[in-house]
Amino acid sequence: MKQTLILLFLFFAYTLGAQIKGTVTDTNNQPLPYVNIYLENSYTGTTSNEEGIYSLEISERGTYTLIFQYLGFETIKKEITVDSFPFTLHVTLKEATVSLDEVIINTTEDPAYRIIRETIAKRKENLEKISAYTANFYSRGLWRVDSIPKKILGQEVGDFGGALDSTRTGIIYLSETISHIAYRKPNDFKETIIASKLSGNDNGFSFNSAQDANFSFYENTVDLNAQIVSPIASNALSYYKYKLEGVFYEGSKLVNKIKVTPKRANDRIWEGTMYIVEDDWQLYGLDLKTTGTAIQVPFVKELIFKQNFKFDGTENAWIKISQTIDFSFGFLGFNGDGRFIAVYSDYNFKPDFNKKTFGNEVLYFDPEANKKDSLFWEEKRPVRLTEEETKDYVKKDSIQELRKSKSYLDSIDTKNNTLSLLSPFTGYSYKNTYNKWELSYQAPLPGINFNTVQGWNGNAGLSFFKWYDENRTQWLQVSLSANYGVSEDRLRWKGNIAKKFNSTNRLQLSVFGGSEVKQFNGNNPISPFINSISTLFFERNYMKVFELNYAGLGWFQEITNGVRTNLSVSYQSRVPLFNNTTQVVFPQENIQYSSNNPLAPNDYNNPTFSEHRLVKTNFEANISFAQKYMTYPDGKFNYGDSKYPILTIGVENALAASEPEYNFTQLKARIHQELKLGNLGELHYNIKGGTFFNAEDISFVDFQHFNGNQTRIGSSSNYTNVFNLLPYYTLSTNKSYFETHAEHNFKGWVLNKIPGINQLGFNLVLGGHYLSTQDQLPYTEISLGLDNIGWGKYRLLRLDYVQSYFQGNSQGAFIFGLTFLNLLN
């Protein structure tokens, strides 16, 4: 009954407003989705929905001229006199008749190439044509899934908050935003979200934004994870073939319909149709698609972009008024599709900006944005909801309160909190969602490893997590865990209490303490899993460790936009450790385990350092220059931008040491960045350096260690923080040092041009690495590799050949990259 009342309310809200409404169909009476409908000589308009239904809000009765525009169909004008509301106008559009009668045919080249060259020549001019504007923006996003499994990789998928029906099909994401946007050339942008709606969550916020929907094909590339070359890019003729399918008139403007096809199937390219206005050499519209293979997101099947433009005589420019992005996806039985709609209206090309209009804040949510009622949305949304979308809102809104109730949440928790026979070995969580807390048990089985100091070892522990709001912007976490080594016969404990106060400056305080087995290099250059394999099967025990007993305090805060600070102060006791086992699966002749002394692998009796105690302080500041950010009612969220590098500066101190010579100070800095270079790929660089003071005789624990790799296995997505042939502790130093890493991933720019190889979808990667330490000759590496190796949707492998140079010697080896091992580190 409640759902019926809601539907009746929406019906009356829809029919009683000051609206012109109706449907748009083709000559076969089939609905036409996303037809642009606007008042002549204005940017007041709307768009039909998937069912061809539209409604246009107007303020008063009178005579209006409506324009109906849709790619591939004749644009029509309808003059109407509105004397009462609602006013119904149904429209039928005819397919546009394209002709080559007015085209001069060149027997050596398709006429499309002349048009494309003219458009490319004016690409930059068109890109910069509009120097400033404000506009209203509407966006709607929808994700559907179809017959998804109940479990994926043994994990319960759930019903997505009641979104799935009995066939496990349904809408899992439906949201809308209405915002006001402002732009000023070249890069100033600001969006203010006036209204935001998320189906099934009246406290939620939509992820849709104008900046994320801003795709311009006048740019050389369109950024969709990979850089996809535009059909009118400066180098587009190297990637595409063109065919003029015909021309038609839009008023007095001649529009060319051009078919776009790729020269090579697996390039980062589009295919489809572009509509280009003769003499203006601007876009009238486009209908282009690309694939998950092209954008290197394997679970995406297809992406279809449609954009529509309207001529503005004052600006002498074709202005984008709508955009739709359709997509489909599939992975591990998880299949579905979706769509994002964007509608632009009420442009003002003579805005009155002031000094406060633009800054680093690129998006601001009005505090009442998610409090708008259904009547507001029925009046303001420019694209009518489909029947499917209306039912989704009604269904989820009607059960929202139920799903927040204690009885319902307790019933869900009861189901999910059920113990299984394997829980003692694989882990278990007990959740009380209504009271916002969770108690988790970490079982030993997933983390059992082997090293020569502890032998077989594993972890087990308990953690308590308490959150204070729905979006978890404030929380408290308490954890306690134990580690036991069989050969060492030693149990160690550690604990941590952390409190996050907000998501604005992210203030976080922590108290920690315990006893751990730690690698000398605190960056853990070798994962316990890889070390276990290397040790047991190849008798190569590369991991070198010591015992750290500690108690300390931690503080983290973003003290101002773009400056994130981290301080820890701890009392530490360091104890050297020795090998306690010689166990091996496959004994190797003439090979035995090295000692746990990284400076003397054959010395099994003497430690690397003397047992000692000290107070350690570590301060670090990460600086993101011109950091862009988004402001939500419950927090601030930084927006990734690779225009500037990120700078990190740090100061590390040891004081009050039980051995006075172990006191020291280290100053260090790092600068790193990811540069997207269009269709040329991506360049990553990472530069680090530092120097020590009063550190002549400090403990080897506090040396600057460099991330080496002796296993020939790579476990990171890129190699800009590792020397793949450098022994782990050969060049560790207590003096000045400098290291730099650079890696360029061509993302198909090279290999996709080679016949045969371009069918594999691999990426060529070039790398260079340099390390200089005081009193040592420089160490260098160069590498050549293939990334994105795999089959179909499963591309988790990488292969590099690395050559190193040090002290007049050269060494080469292959590095096998298993990027999924990031999950095991």
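Two strands pair if DSSP finds at least two bridges between them. Strands here are DSSP runs of E with at least two residues, helices are runs of H or I with at least four, and both are numbered from the N terminus. I start there since the first topic is a sheet.

Some housekeeping. This is a predicted model, in which local features need pLDDT of at least 70 and side-chain atom pairs count only at pLDDT 80 or more, while totals for chains, interfaces and linings use all residues. Residues are numbered from 1 along each chain as its sequence is written, and side-chain values use heavy atoms, with hydrogens and water left out.

Four strands make an open sheet in the order 3-2-5-6, with antiparallel pairing. Strand 3 and strand 6 are at the edges with a single partner strand each, so one side of each has no neighbour in the sheet. From one strand to the next the twist averages 20°; for such angles, axes are lines fitted to C-alpha atoms, for helices over the stretch in contact, and the angles run from 0 to 180 degrees between N-to-C directions. As background, strands of a sheet pair through backbone hydrogen bonds, either parallel or antiparallel.

Take strand 2. Its antiparallel pairing with strand 3 runs over three bridges, and N36 stands opposite T47 in strand 3. These two strands form a hairpin with five residues between them, and N41 in the turn has a positive phi of about 60°. Strand 2 also pairs with strand 5, residues 62-69, in the antiparallel sense over four bridges. There I37 faces F68 across the pairing, and L39 has L66 as its bridge partner.

Which way do the side chains of strand 2 point? N36 and Y38 go one way, I37 and L39 go the other, and all are buried. Buried means under 20% relative accessible area, exposed means over 50%, and partly exposed is in between, with a 1.4 Å probe and protein chains only. In a regular strand the side chains alternate between the two faces of the sheet.

Next, cavities. On a 1 Å grid over the protein atoms alone, a cavity is a set of points where a 1.4 Å probe fits but cannot get out, and lining residues have an atom within 4 Å of a point. Grid points are joined across faces, edges and corners, and a volume is the space filled by probe spheres set on the points.

How many cavities of 30 Å³ or more are there? The count is five. By type, the lining of the largest cavity has six nonpolar, seven polar and one charged residue. Here Ala, Val, Leu, Ile, Met, Phe, Trp, Tyr, Cys and Pro count as nonpolar, Asp, Glu, Lys and Arg as charged, and the others, Gly among them, as polar.

The second largest cavity has about 60 Å³ of space. Among the residues lining this second cavity are F520, P576, N596 and D603. Its lining divides into seven nonpolar, four polar and one charged.

Last, salt bridges. A salt bridge is a side-chain nitrogen of Lys or Arg within 4 Å of a carboxyl oxygen of Asp or Glu. The structure holds 40 of these salt bridges.

K77 is in strand 6 and E40 is in the loop between strand 2 and strand 3, 37 residues apart. K77 is exposed at 54% relative accessible area, and E40 is partly exposed at 29%.

A second salt bridge joins R144 and D337, with the closest N and O atoms 2.7 Å apart. R144 lies in strand 9 and D337 in strand 22, 193 residues apart. R144 is buried at 19%, whereas D337 is partly exposed at 30%.

In a third, the side chains of E378 and R381 meet at 2.6 Å, N to O. Are these two buried or exposed? E378 is buried at 6%, and R381 is buried at 3%. Finally, salt bridges that share partners join E50, R144, D326, D337, R339 and E388 into one network.

Terms used. 1 Å grid on protein atoms, 1.4 Å probe; cavity = no way out; pocket = protein on both sides within 12 Å on 5 of 7 lines; lining within 4 Å.
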